[in-house]
Amino acid sequence: MNELQIGTHTFSSRLILGTGKFGNVQSMLDAIRAAGTELVTVALRRFNREQVEHDLFAALSTIEGLTLMPNTSGASNAQEAVRAAHISRELSGSPFIKVEIHPNPQHLMPDPIETYEASRILASEGFLVMPYIPADPVLAKRLEDAGCASVMPLGSAIGSGHGLATAEMIKLIIRESSIPVIVDAGLRSPSEACAAMEMGCEAVLVNSAIAAAENPAEMASAFNDAVKAGLKARDAGIMPKSGSAVATSPLTSFLGKTS
Ligand SMILES: CC(=O)[C@@H](O)[C@H](O)COP(=O)(O)O
C-alpha cells in the first residue's frame with residue numbers, strides 16, 4: 001500500500017493520534033501501539049523539561065519509530081503559537097508543528113486569521129507546518145501557497161463526536177489541494193475514519209474517540225483497520241452513484257444471447 005508523504009517524511013500509517021484524555025500513560029502507549037501509528041501530536045504545555053524520566057516525552061520515546069508532532073494548543077494568537085513552536089522544536093527536535101489556535105474554549109473553533117499568520121511565519125522558518133483549520137477551501141489553498149506541509153480541516157468540533165459534519169467542504173478542499181488533507185477532530189467511530197479515507201483524505205487524526213473508549217487499545221486497533229479499509233476501497237475504485245436503479249442481472253448472457 002502506498003505511503004503517506006508529508007514534506008520530506010514518509011509514513012506507512014495513515015492514522016495520527018492525539019495523546020490527551022487517556023486515563024493513564026500506559027493506556028496511551030497501548031493505544032498508540034494498537035493503532036500502528038507513527039505520528040502523534042502532543043501539546044507543548046504537557047512537555048516537562050524538569051522531570052524527564054516521568055514526563056510524556058520520555059514515555060513516548062519508548063515507542064520505536066514514533067515521530068512527534070508538537071501542537072500549539074493553548075495559544076490564543078499567532079505570536080503565542082510561534083513562540084510555542086520554537087520551544088517545542090528545541091525540546092522535541094521534531095520539524096513538525098501542528099498549529100492549533102482556538103481562542104474560545106466554548107467551541108474550540110480555530111482562528112483562521114491567526115492560524116494563517118502563524119503558519120506562514122513557521123513555514124518560512126523551515127517547520128513542517130500542519131495547521132488545524134475550519135473546513136474552508138479558500139483558507140486551505142492560501143495555507144498551501146504559504147508553504148504548509150498539509151492542512152487539517154475539522155470534521156466537527158474537537159471532542160464532540162459529531163463526525164464528518166463538514167464532509168462537503170472537505171471534498172472541495174481535497175479537489176483543490178496538492179498537499180495532504182488530513183481530517184482532524186470530531187471523529188467518533190471507525191466508520192467515519194473509513195469514510196474520510198474513501199473521500200480522499202490522506203490521513204485522519206483522532207484523539208477523543210480512542211482515549212474515551214471503554215477499551216482504548218481495542219478502539220485504536222479498530223480505527224487502524226478502518227483507515228486501511230478506506231484507503232484500500234479508494235484505491236480499488238469506488239463505483240459511481242447513479243440517479244436511478246441499475247439492474248444487476250445482465251441483459252445479455254455469457255454466450256452473447258439475449259436473455
Ligand atoms: C489532540 C488534538 O490535536 C485535538 O485537538 C484534535 O483536534 C483531536 O480531536 P478529537 O479529540 O475530536 O479527535
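**Close-up views of the predicted model**

**Figure 1. Helices H1 and H9.** The axes of helix H1 (residues 25-35) and helix H9 come within 7 Å and cross at roughly 20°. Axes are lines fitted to C-alpha atoms, for helices over the stretch in contact, with angles from 0 to 180 degrees between N-to-C directions. The model is predicted: local features need pLDDT of at least 70 and side-chain atom pairs pLDDT 80 or more, while totals for chains, interfaces and linings use all residues. Residues are numbered from 1 along each chain as its sequence is written, and side-chain values use heavy atoms, without hydrogens and water. Helices (H or I, at least four residues) and strands (E, at least two) are DSSP runs numbered from the N terminus. H1 and H9 are therefore roughly parallel to each other (angles under 35 degrees; over 145 is roughly antiparallel, 65 to 115 roughly perpendicular, the rest oblique). The crossing of H1 with H9 is right-handed (the near helix is turned clockwise from the far one by less than a right angle; anticlockwise is left-handed). On the H1 side, the residues in contact (heavy atoms within 4.5 Å) are Ser 27, Asp 30, Ala 31, Ala 34 and Ala 35. Their partners in H9 are Pro 216, Ala 217, Ala 220, Ser 221 and Asn 224. By class, this contact of H1 with H9 comprises six nonpolar, three polar and one charged residues (Ala, Val, Leu, Ile, Met, Phe, Trp, Tyr, Cys and Pro count as nonpolar, Asp, Glu, Lys and Arg as charged, the others, Gly among them, as polar).

**Figure 2. Helices H7 and H9.** The axes of H7 and H9 come within 7 Å, and they cross at roughly 25°. H7 and H9 are therefore roughly parallel to each other, and their crossing is right-handed. H7 contributes Pro 190, Ala 193, Cys 194, Met 197 and Glu 198 to the contact. From H9, the residues that meet them include Met 219, Ala 222, Phe 223 and Ala 226. Also among the H9 residues in this contact are Val 227, Ala 229, Gly 230, Leu 231, Ala 233 and Arg 234. The contact of H7 with H9 is made up of 12 nonpolar, one polar and two charged residues.

**Figure 3. The salt bridge between Glu 202 and Arg 234.** In this salt bridge (a side-chain nitrogen of Lys or Arg within 4 Å of a carboxyl oxygen of Asp or Glu), the closest N and O atoms of Glu 202 and Arg 234 are 3.3 Å apart. The pair links distant parts of the chain, 32 residues apart: Glu 202 lies in the loop between helix H7 (190-199) and strand E10 (203-206), and Arg 234 in helix H9 (residues 216-236). Glu 202 is partly exposed, with a relative accessible area of 25% (under 20% is buried, over 50% exposed, in between partly exposed; 1.4 Å probe, protein chains only). Arg 234 is likewise partly exposed, at 21% relative accessibility. Arg 14 joins Glu 202 and Arg 234 in a network of salt bridges. The structure holds seven salt bridges.

**Figure 4. The salt bridge between Asp 184 and Lys 98.** The closest N and O atoms of Asp 184 and Lys 98 are 2.8 Å apart in this salt bridge. Here too the pair links distant parts of the chain, with Asp 184 in strand E9 (residues 182-184) and Lys 98 in strand E6 (residues 96-99), 86 residues apart. Asp 184 counts as buried, at 3% relative accessibility. Lys 98 is also buried, at 4%.

Figure 5. The side chains of Arg 120 and Glu 117 meet in a salt bridge, with an N to O distance of 2.7 Å. Because Arg 120 and Glu 117 are three residues apart in helix H4 (residues 112-124), about one helical turn separates them. Arg 120 is partly exposed, with a relative accessible area of 35%, and Glu 117 is partly exposed at 29%.

**Figure 6. Two loop residues with positive phi.** Leu 108 has a positive phi of about 55° although it is not a glycine. The residue is found in the loop between E6 and H4 and counts as partly exposed, at 24% relative accessibility. Ala 185, another residue other than glycine, has a positive phi near 95°. Ala 185 lies in the loop between E9 and H7 and is buried, with a relative accessible area of 8%.

**Figure 7. Ala 195 and Leu 122.** Ala 195 is found in helix H7 and is partly exposed, at 28% relative accessibility. The C-alpha atoms of Ala 195 and Leu 122 are separated by 31 Å, and the two residues are 73 residues apart along the chain.
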